Amino acid sequence: MVTAEDIGRRVHDETGRVGILRDLIRDYEDPSEYPPAARRQRATAFVWPEGGGREWLTSPDSVKPI
């Protein structure tokens, strides 16, 4: 599991993807969940691929520093 101290460091997730931890939000609500009343808060890690590309979201429990 990662913490705020790991932001900016290389990490890997449980699927083997490697990236840079960009942020941790403990009470993140995904704006794509609709209707808004159905949204729930959850801890979320934001990871950016090292060589660029599309950021992905995952549980902080599934991410580990390298």
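Biologist: Which residues is Arg39 in contact with, leaving aside its neighbours within four places in sequence?

Modeller: In this predicted model, Arg39 is in contact with Glu29, Asp30, Pro31 and Glu33. Arg39 itself is found in the loop between E2 and E3. Glu29 is 10 residues away in sequence, with 6.1 Å between the two C-alpha atoms.

Biologist: What makes the approach of Arg39 to Pro31 a polar contact?

Modeller: A polar atom of the Arg39 side chain lies 3.0 Å from the backbone oxygen of Pro31. The cut-off for N or O atoms is 3.5 Å, so this pair is within it.

Biologist: And is Arg39 called buried, partly exposed or exposed, and why?

Modeller: Its relative accessibility is 26%. Buried would need a value under 20% and exposed one over 50%, so Arg39 counts as partly exposed.

Biologist: Let's turn to the strands. Why are E1 and E2 said to pair?

Modeller: Pairing asks for at least two bridges, and E1 (residues 10-13) and E2 (residues 18-28) have three, in the antiparallel sense; therefore they count as paired. One place to look is His12, whose bridge partner in E2 is Val18. Four residues sit between the two strands of this hairpin, and Gly16 takes a positive phi near 100° there.

Biologist: How do you know that E2 pairs with E3 as well?

Modeller: By the rule of at least two bridges: E2 and E3 (residues 42-49) share seven, again antiparallel. Ile20 has Trp48 as its bridge partner in E3, and Tyr28 stands opposite Arg42 in E3.

Biologist: What makes E4 and E5 the edge strands of the sheet?

Modeller: The order of this open sheet of five strands is E4-E3-E2-E1-E5, with antiparallel pairing. E4 (56-58) and E5 (63-65) each pair on one side only. From one strand to the next, the twist averages 40°.

Biologist: Thr44 lies in strand E3. Is Thr44 buried or exposed, and how do you know?

Modeller: The relative accessible area of Thr44 is 6%. That is under the 20% limit, so Thr44 is buried. Not counting residues up to four places away in sequence, Thr44 touches Asp23, Leu24, Ile25, Tyr28, Leu57, Thr58 and Pro60.

Biologist: Which residues make up the largest nonpolar core, and what makes it a core?

Modeller: There are eight: Val2, Val11, Leu21, Leu24, Ala45, Val47, Trp56 and Val63.

Biologist: Now the charged pairs. Why is the pair Glu50 and Arg10 called a salt bridge?

Modeller: Their closest N and O atoms are 2.7 Å apart, and the rule asks for a distance within 4 Å, so the pair qualifies. Glu50 is in the loop between E3 and E4 and Arg10 in strand E1, 40 residues apart, and the pair thus links distant parts of the chain. Glu50 is partly exposed at 39% relative accessibility, and Arg10 is partly exposed at 39%.

Biologist: How many salt bridges does the rule give?

Modeller: The count comes to four. Among them is Asp13 with Arg17, closest N and O atoms 2.9 Å apart. Asp13 has a relative accessibility of 5% and counts as buried, whereas Arg17, at 37%, is partly exposed.

Biologist: What makes Arg42 and Glu33 a salt bridge?

Modeller: The closest N and O atoms of Arg42 and Glu33 are 2.1 Å apart. The limit is 4 Å, so this pair passes.

Biologist: And why are Arg42 and Glu33 not called buried?

Modeller: Arg42 has a relative accessible area of 23% and Glu33 one of 22%. Buried means under 20%, so both count as partly exposed.

How values were computed:
Residues are numbered from 1 along each chain as its sequence is written. This is a predicted model: local features need pLDDT of at least 70, side-chain atom pairs count only at pLDDT 80 or more; totals for chains, interfaces and linings use all residues. Side-chain values use heavy atoms; hydrogens and water are left out. Buried means under 20% relative accessible area, exposed over 50%, partly exposed in between (1.4 Å probe, protein chains only). Contact means heavy atoms within 4.5 Å. Axes are lines fitted to C-alpha atoms, for helices over the stretch in contact, and angles run from 0 to 180 degrees between N-to-C directions. A polar contact is a pair of N or O atoms within 3.5 Å; within protein, one must be able to donate a hydrogen and the other to accept it, and residues adjacent in sequence count only if both atoms are side-chain atoms. A nonpolar core is a set of buried Ala, Val, Leu, Ile, Met, Phe, Trp, Tyr and Cys residues joined through side-chain atoms within 4.5 Å. A salt bridge is a side-chain nitrogen of Lys or Arg within 4 Å of a carboxyl oxygen of Asp or Glu.
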